[in-house]
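Student: I would like to take a close look at a single part of this model, and then see how that part sits within the chain as a whole. Please treat the matter in one connected account.

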Amino acid sequence: MRISKIEFENFRNFKGHGEIKCATDGKVTIIYGKNGDGKTTLHQLFQWVFYGAVHFNKTTSDTLYNLSFESEQAYNSTFQVMGRIDFEHMNEKYSLTRTIIYRKELDSSSIISQELELNHLDLDDNWKRIDRPQETIEKLLPSGLSEYFFFDGENMIADLRVKGRDSAKNLRKALYSIFDLDILESALGHIGNTDLKTTVLGKLYLRKGNISSGSDINATKTNIENAQNKIEEYERIISDAEAEKNAKKELISNISEQIGSTRSKEEYEKERRGLIKQRDAFLSNIDSEMAQFGDMIISDFPQLLISKAVEDAKKRIHLKVEDSKLPQGLDKRLIYYLTHLTTSKCICGRELTEEHKEYIKSFLDMMPPNNYDSMYINFSTQAKQWGKGYSREKIESFIKRVIDNQENANSCDIKIRDLDEDEKNSKDIEDLIVDRKNAENRVAEIENDLIKANGELSKYKMFLKKEMKKFDSLTEQTKINQAAMRKIDIMNAVRDYFKEYLDDESEKYSKLLQDNIQSLLNMMLTSKRTVSVSSEFAVKVVDSYKDESKSEGQFAVVSFAYIGGILKLVSGIENLSGKEYPLVLDGPFSKLDADQRQNVIDCIPKFAPQVILFSKDSLQDCFDADIIGRVWTIQSNEEKNIASVKEGFLWTSDQM
């Protein structure tokens with residue numbers, strides 16, 4: 001299978017319609033975006049379209065529709081969420097569409113219908129609808145291996161680190177399914193053994209006696225059946241108890257993770273007190289700076305006043321010179337002569353009246369005692385003597401510090417408001433501690449119940465063994481016994497053959513997987529590690545001292561090698577060689593150092609015939625240009641609730 005295009009409509013934070021076209025020629029398709037933009041949403045979109053299931057992290061809701069789009073719909077109206085994948089398989093074209101129809105209600109919207117439609121393009125280029133689409137998809141892309149086709153690196157690392165045994169069990173189940181070994185496993189369970197009356201061997205065993213066999217035989221047979229019933233009952237009790245215990249332990253683990261990342265009321269209050277203390281310190285600094293500013297202004301008032309006066313005088317004198325319109329040649333001596341009481345005529349010979357003299361006298365107001373330049377020089381020189389020591393930079397520094405402290409105080413207020421909002425929406429750590437303690441107490445109760453149940457189970461098994469021995473003795477010479485024993489021998493031979501075949505196949509596939517993972521680790525890991533895979537498909541990676549401890553980066557590399565090894569194993573099986581499985585990879589590249597990252601990226605294109613890669617940066621400098629097929633950039637608003645996808649390298653990591 002090769003995916004050519006995926007379309008979506010109003011799927012979570014992707015409002016409206018969007019589509020991503022993928023390279024189908026063996027080149028890598030890269031889809032990248034910043035944290036929170038919607039990489040995980042798009043990665044989950046593939047699984048939702050194929051299998052109708054999503055697995056978002058614990059901090060997000062499972063709501064599939066876009067909240068912004070839903071808010072715009074009228075009450076009681078209907079709207080849809082759609083996903084469509086076009087793909088090719090064995091040179092045939094298919095289109096798979098999954099749709100959910102919602103109805104807008106007061107508080108939220110409810111699902112009113114769901115539909116899955118698979119169409120196939122026939123030789124006449126007509127799309128024909130396929131009946132039972134999920135069965136067809138299961139054959140083309142088995143759901144048991146979905147977590148390996150649609151690989152979530154973060155979760156896989158956690159599974160390998162914390163749930164190694166469960167991961168091995170899931171992988172074993174998936175591989176058995178794809179290699180048709182699950183049929184053998186089911187047959188072995190059906191054949192069973194003589195201890196359980198519901199199995200083939202159990203039923204054959206009880207046929208050694210019948211109603212006409214005699215009272216002792218019938219009584220012993222009844223005891224055997226009663227013991228078998230009790231064994232089945234206690235095994236069911238133990239199975240349910242183990243399942244509940246495992247669920248409680250997982251709950252304890254999840255709560256512990258939440259406690260590790262959740263603040264208590266005391267922690268909130270401590271941080272709040274710290275922010276208030278910082279804010280008050282900034283406000284106190286403002287008061288101090290303003291007081292010092294006032295002291296300096298008072299002490300430097302003469303200098304400031306004189307400095308201002310000098311500047312004002314300079315401006316005024318400049319204006320005075322510009323505005324003066326004295327007659328050419330007029331000076332003080334001439335004015336004094338013309339305005340003297342004894343002067344009756346001007347130097348030009350005209351008669352001077354008292355009115356003329358008053359006009360001439362007005363020119364005296366326009367004349368300084370010296371010339372304009374010399375007057376300003378004398379004034380400014382004197383002013384400098386009085387204004388010595390005034391520093392403009394020092395005064396301005398007080399103002400700047402007041403502004404900085406005010407901004408810091410405002411920043412603290414914003415943080416306090418955000419902290420209060422966060423605290424309001426957070427769950428009390430005390431409640432988490434109580435929940436964890438209750439779960440731990442329940443685990444302790446279950447373990448006590450298991451001790452009792454296992455004790456009862458052992459008791460009934462011992463009783464069953466004794467009664468079966470007695471039953472064998474009583475029925476040893478009967479013809480019914482001989483006929484039943486022949487059938488039992490045949491079924492034992494069949495069971496042994498199936499078991500041997502299953503063990504051999506498990507050993508073969510686990511060895512192939514081990515070799516694949518080891519080969520990839522040798523190429524990707526910068527340190528030497530040895531891989532072993534048990535017949536139960538449990539993976540173990542150790543150094544030369546048999547130490548399993550690994551850094552987070554090494555765990556990431558192991559997880560990449562794990563998925564690569566599985567895909568290589570599946571593609572290498574002869575009866576599956578005609579099938580192709582894509583790899584849609586959301587990889588935690590940030591956990592790798594530079595060398596590990598490049599080694600992993602160099603190997604990824606070899607994992608599968610089609611690789612669709614999600615990343616938080618463009619990886620443009622990590623792949624050769626001829627390896628990259630198509631590139632798409634996720635863009636989102638500031639609230640990370642409305643996103644879109646556009647083709648091309650629209651930003652790089654150094655622009656983040």
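With which side chain does the side chain of glutamine 80 make a polar contact?

Tutor: The model is a predicted one, and what follows should be read accordingly. The side chain of glutamine 80 makes its polar contact with the side chain of glutamate 9, at 3.1 Å. Glutamine 80 belongs to strand 4, which covers residues 78-89. Setting aside neighbours within four places in sequence, the contacts of glutamine 80 are Glu9, Asn10, Thr99, Ile100 and Ile101. One of these residues, asparagine 10, is 70 residues from glutamine 80 in sequence, yet the two C-alpha atoms are 7.6 Å apart in space. Glutamine 80 is classed as partly exposed because its relative accessible area is 28%, and the buried class requires a value under 20%.

A polar atom of the arginine 12 side chain lies 2.8 Å from the backbone oxygen of threonine 63. With a relative accessibility of 13%, arginine 12 counts as buried.

Strands 1 and 2 also take part in charged pairing. Lysine 5 and glutamate 19 form a salt bridge through their side chains, with an N to O distance of 3.9 Å. This pair links distant parts of the chain, since lysine 5 is in strand 1 and glutamate 19 is in strand 2, 14 residues apart. Glutamate 19 is partly exposed, its relative accessible area being 26%.

Other salt bridges are found within helices. In helix 9 (residues 215-261), lysine 245 and glutamate 242 are 3 residues apart, about one turn of the helix, and their side chains meet in a salt bridge of 3.6 Å, N to O. The two partners fall into separate accessibility classes: lysine 245 is buried at 13%, whereas glutamate 242 is partly exposed at 30%. In helix 16 (residues 429-475), glutamate 456 and lysine 459 are likewise 3 residues apart, about one turn of the helix. The closest N and O atoms of their salt bridge are 3.1 Å apart. Here glutamate 456 is partly exposed at 26%, and lysine 459 is partly exposed at 45%. The count for the model comes to 28 salt bridges.

Disulfides give a contrasting count, namely 0. Two cysteines may be noted for their burial: cysteine 412 is buried because its relative accessibility is 4%, and cysteine 603 is buried because its relative accessibility is 3%.

Finally, the chain as a whole supplies the setting. It contains 19 helices and 14 strands. Of its 656 residues, 39% are buried. Where contacts join residues at least 6 apart in sequence, 69% of them join residues at least 24 apart. The accessible surface of the chain is about 37,700 Å², and carbon and sulfur atoms account for 49% of that area. To return to the part requested, glutamine 80 is a partly exposed residue whose side chain makes a polar contact with that of glutamate 9.

Notes: Residues are numbered from 1 along each chain as its sequence is written. This is a predicted model: local features need pLDDT of at least 70, side-chain atom pairs count only at pLDDT 80 or more; totals for chains, interfaces and linings use all residues. Side-chain values use heavy atoms; hydrogens and water are left out. Helices (H or I, at least four residues) and strands (E, at least two) are DSSP runs, numbered from the N terminus. Buried means under 20% relative accessible area, exposed over 50%, partly exposed in between (1.4 Å probe, protein chains only). Contact means heavy atoms within 4.5 Å. A polar contact is a pair of N or O atoms within 3.5 Å; within protein, one must be able to donate a hydrogen and the other to accept it, and residues adjacent in sequence count only if both atoms are side-chain atoms. A disulfide is a pair of cysteine sulfur atoms within 2.5 Å. Accessible areas come from the Shrake-Rupley method with a 1.4 Å probe; for residues, only the protein chains shown count as cover. A salt bridge is a side-chain nitrogen of Lys or Arg within 4 Å of a carboxyl oxygen of Asp or Glu.
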